[in-house]
Amino acid sequence: MKKPAGSPKRPLRQLLLWPLYLPTLLTGAKSFKKNPVIGNRLLNRLGLHVLRLLLAAAIFKLRRWQLAWMLDSTDRQQLQRQGFLVKESFLPADMFQRLEEEARNRQLEARICLQGDAITHRVLLDHVTQAQLPACRELLAYRPWRRMLGYAAGRYRVPGVWIHRIYNGVNPGKLDPQLTLHSDSFHPTIKAWLFLDDVDERNGPFTYVPGSHRLSLRRLVWEYRRSVGMTGEGDHYSASGSLRLGPGDSEYLNLPPPVACKVARNTLVIADTHGFHCRGASQPGSSRLAIWCISRTNPFNPLPGLPFRFLDRIDLAIFRGHLAWQDWRAARRGGKPSWRKTPPEWRPDS
Ligand SMILES: [Fe+2]
C-alpha cells in the first residue's frame, strides 16, 4: 500500500527539513505531496489545512474591503456572491479594435505549454513586449481595467498579464486536467480573460460553479476530509493542492450546476478560482484568444500593496526572470521546461 502524502519516505531527512518548510505555512504553498508540513496527516487531523483556508479567506476579505472604492457596489456584490463577474462590451469599440488587431497579428516570441490534448500559447506583456505593443500598453493603463482587476485581486496593481491563446484538441486522446471541475488553491486566486474571440461550446468556454468559492460548513468538512485522506497516488493534481471534484462531491456540497461563460468578443470575465471551475468541452482544432491575467499573491498578507505603476515593471520582470530560471533548470537536467520558448512564427501544426 502506498503511503499518504506527507508520510516521508526518509523520515529522518524529512524531520531535519521541517524548519525549512515551516515558514511556507504562511505563504501560498499548497502541495500536500511535496511539502511534508502541509501534507502532514496529524497536523491536518488537528485542522491545519482548514485553519489556513479560514485565515486566507478572512485576510482576502480584509484586502478587498480596503479597495472597495475601486468598484461599484453591484459588481462587488456579484463577485462576492457568485465568485465570478462577466462584463460585456468592456472596452470602447475603437480601443478594442486596436487591441485585437495587435494581439492577433503581431508575431512575438512566446511560450507554449502542452497539457492534455491542448496547447496554451502565451506572450508575457512585460516592458520588453509592451515596447512593441501600443494597444496593449493602452489597455494596461486603462482605469476601469486596473480598478476592476485591482479590486478583484485585493491588490492595488494589476497582476501579471499575457496574450493567451488555447489550441484545443491538438494531441487527441490525452486527458486534459483543465476539463475537470477543480479549485486552483486553498486561498482566493484571481484569473481574468478579456476575450478577443467569441467563446462558446465550439472553443471551450470558461465554466464556473456559482458560489463555489464560499466556505460553507460542508465545504470546510469536505476540505478537512480531503486534507487528512490525501494520498500521493492517483490524483496528482489534488495531491498538489488543486482539489478535483470527485463522484458525488457536487451533491454533498449542494453545488448548483456549472455555468459555461459563452460570451461575445470584448467580454471581460473575472473569477476567483478557489471556486470550482474548468474549461468546457470544445471541438478539436478550435482555439480562443484573450488577454489573460492571474493574481496569486501571498494569501496571508493583509495589505493590498502600493499603487505605484512603476512597480508593475518589477512584477513583470520577476515573471520573466522566473521563466528564465525554469529554462536554466531544465537545461541543466537535459530536458525542456514546461513553458518552452517558441519563435514568433510558431503554429500548432508546425
Ligand atoms: Fe484552474
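The protein has an average pLDDT of 91, and 95% of its residues score at least 70; pLDDT is the predictor's confidence in each residue, from 0 to 100. Where pLDDT is low, the predicted coordinates should not be read in detail. The model is a predicted one, in which local features need pLDDT of at least 70 and side-chain atom pairs count only at pLDDT 80 or more, while totals for chains, interfaces and linings use all residues. Residue numbers start from 1 along each chain as its sequence is written.

Turning to the overall fold, the protein contains twelve helices and eleven strands; these are DSSP runs numbered from the N terminus, with helices (H or I) of at least four residues and strands (E) of at least two. The radius of gyration is 20 Å, close to the 20 Å that the globule rule gives for 350 residues, so the protein is as compact as a globular protein of that length (the radius is taken over C-alpha atoms, and the rule is 2.2 Å times the number of residues to the power 0.38). The C-alpha trace spans about 60 × 50 × 40 Å along its principal axes.

Helix H5 (residues 93-105) and helix H7 (residues 134-141) have axes that come within 8 Å and cross at roughly 130°; axes are lines fitted to C-alpha atoms, for helices over the stretch in contact, and angles run from 0 to 180 degrees between N-to-C directions. H5 and H7 are therefore oblique to each other (under 35 degrees counts as roughly parallel, over 145 as roughly antiparallel, 65 to 115 as roughly perpendicular and the rest as oblique). Met 95, Arg 98, Leu 99 and Glu 102 of H5 meet Ala 135, Cys 136, Glu 138 and Leu 139 of H7. The residues of this contact comprise five nonpolar, no polar and three charged; Ala, Val, Leu, Ile, Met, Phe, Trp, Tyr, Cys and Pro count as nonpolar, Asp, Glu, Lys and Arg as charged, and the others, Gly among them, as polar.

In the second pair, helix H3 (residues 48-66) packs with helix H9 (residues 217-229) at an angle of about 140°, their axes being 8 Å apart.

Technical notes: Two residues are in contact if their C-beta atoms, placed from the backbone, lie within 7 Å.
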